[in-house]
Amino acid sequence: MLKLLFIVIAVLGIGFLILVHELGHFLAAKAFGMRAEKFYLGFPPAAVKKKIGETEYGIGFIPLGGYVKISGMTREEELPDDVKPRAYVAKPVWQRIIVISAGAGMNLLFAGLFFFIVFWQGIPDYEATVVVADIQADSGADRAGIEPGDRVLAINEVVSDRPEDLREELRSRPDQTISLVVERDDQQLTIPAAIGRNEETGEGILGIVFEAEVVGYHGLPFTEAVSSSFSRLWEMTGETFIAIKNLFISEQSRKDLSSPIGIVAFSSKTVEMGWSVYLTVLGFISLQLAIFNLLPFLPLDGGHVLFNILEKIKGSPIRREVFERVSIVGLMLFALLFLTGIMNDIERIQTTGFDLQP
């Protein structure tokens, strides 16, 4: 039941990012006097819809994005005489570029806002527990059969719920066999394990990584939080462009690609990790939406921006045939990426699932 709630929160979070993206287009269009005929989350057919004023608001059955239908996006569109001056194509190029870019602008704004909130109020304070989070491969713990999720109750005669006490006992027993008492599935097990030796320090090492839990939050001063959020935006923007480049040269990067199914599944996992982790991931997704939408490919926003710039340079509209052919190429490219993400997610469902690595 709790997992279903996390999935609902993740879906609502991504829905919110789509909403603010479309709201950017809508508000900018209204500001320049354009007519917004439709404002939808999801794509047709409509599940619910209501017309208020000149705009029909609705939610579509196909949950793969959203859209704002502005009158006169093409010169071939037939419009009533009183609407023609308000058509998209009737407005100056600079206004069209602002309207098209406003969606990505809103996503960028909210990404920065989310990062700021985390730096200002949500830097987590962690405290180690005695629950095993991970086991190092081919270590003493691995060979002894200790598993992630085990709660270590005692090592030899040391009984403690403080991981540092248990680590100290492990460090003092290099090359010895110890006895661990662990709790697994409400049962206590006594497990013998051979301790290894750290070659640099000479201390004992077992290969257990203890889980950490959030015990509170702290924040940076306001101005430092603002500065840090800009730095985070810059770093993640660079990482996103590297990831885009790697899609064309790295098979592993293509395997890492996810469809909306995977994005929801992974982000629902971060909901479990605390609100600040989830808000950071939501900011990252918002930033990616901004960047991907501004790539210069039709039918993305960036493609429309590019064609408006070309029209300004050329001094006359780009022929519709050119626009359509470029759109087909863009649609094929993104269909290929979408299918790759779907296939990756199907493989994850059949194998590793959507668990995040600790």
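This is a predicted model: local features need pLDDT of at least 70, side-chain atom pairs count only at pLDDT 80 or more; totals for chains, interfaces and linings use all residues.
I started with Ser253, which is buried (under 20% relative accessible area, with exposed meaning over 50% and partly exposed in between, for a 1.4 Å probe and protein chains only) at a relative accessible area of 17%. Residues are numbered from 1 along each chain as its sequence is written, and side-chain values use heavy atoms, with hydrogens and water left out.

**Entry: around Ser253**

I placed Ser253 in helix α6; helices (H or I, at least four residues) and strands (E, at least two) are DSSP runs, numbered from the N terminus. Which residues does Ser253 touch, leaving aside those up to four places away in sequence? I found Asn246 and Leu247, with contact meaning heavy atoms within 4.5 Å.

**Entry: helix α5**

Helix α5 itself runs over residues 222-249, 28 residues in all. From first C-alpha to last it reaches 41 Å, close to the 40 Å expected at 1.5 Å a residue; the expected span is 1.5 Å times one less than the number of residues.

**Entry: α2 against α8**

Next I looked at two helices from that cover. At what angle do α2 (residues 93-121) and α8 (residues 275-293) pack? The angle is about 160 degrees, and the axes are 8 Å apart. Axes here are lines fitted to C-alpha atoms, for helices over the stretch in contact, and angles run from 0 to 180 degrees between N-to-C directions. The pair is therefore roughly antiparallel (angles over 145 degrees; under 35 is roughly parallel, 65 to 115 roughly perpendicular and the rest oblique). On the α2 side I listed residues including Ala104, Leu108, Phe114 and Gln121. Those they meet on α8 include Trp275, Leu279, Phe284 and Ala290. By class, the contact of α2 with α8 has 15 nonpolar, six polar and no charged residues. Ala, Val, Leu, Ile, Met, Phe, Trp, Tyr, Cys and Pro count as nonpolar, Asp, Glu, Lys and Arg as charged, and the others, Gly among them, as polar.

**Entry: α7 against α10**

Helix α7 (residues 260-272) and α10 have axes that come within 8 Å and cross at roughly 50 degrees. These two are therefore oblique to each other. Pro260, Ile261, Gly262 and Phe266 of α7 make the contact with Phe338, Ile342, Asp345 and Arg348 of α10. I sorted them into five nonpolar, one polar and two charged residues.

Where does the cis peptide bond with omega near 5 degrees lie? It runs from Pro44 to Pro45, and Pro45 sits in strand β1 (residues 36-52). I also found a cis bond from Leu298 to Pro299, with omega near 10 degrees. Pro299 belongs to the loop between α8 and α9 (301-314).

I then checked positive phi values outside glycine. Asp138 has phi near 60 degrees, in the loop between β3 (123-135) and α3 (140-144). Is Asp138 buried or exposed? Asp138 is exposed, at 59% relative accessible area. Asp186 has phi near 65 degrees and lies in the loop between β6 (177-184) and β7 (187-194). Asp186 is exposed too, with a relative accessible area of 76%.
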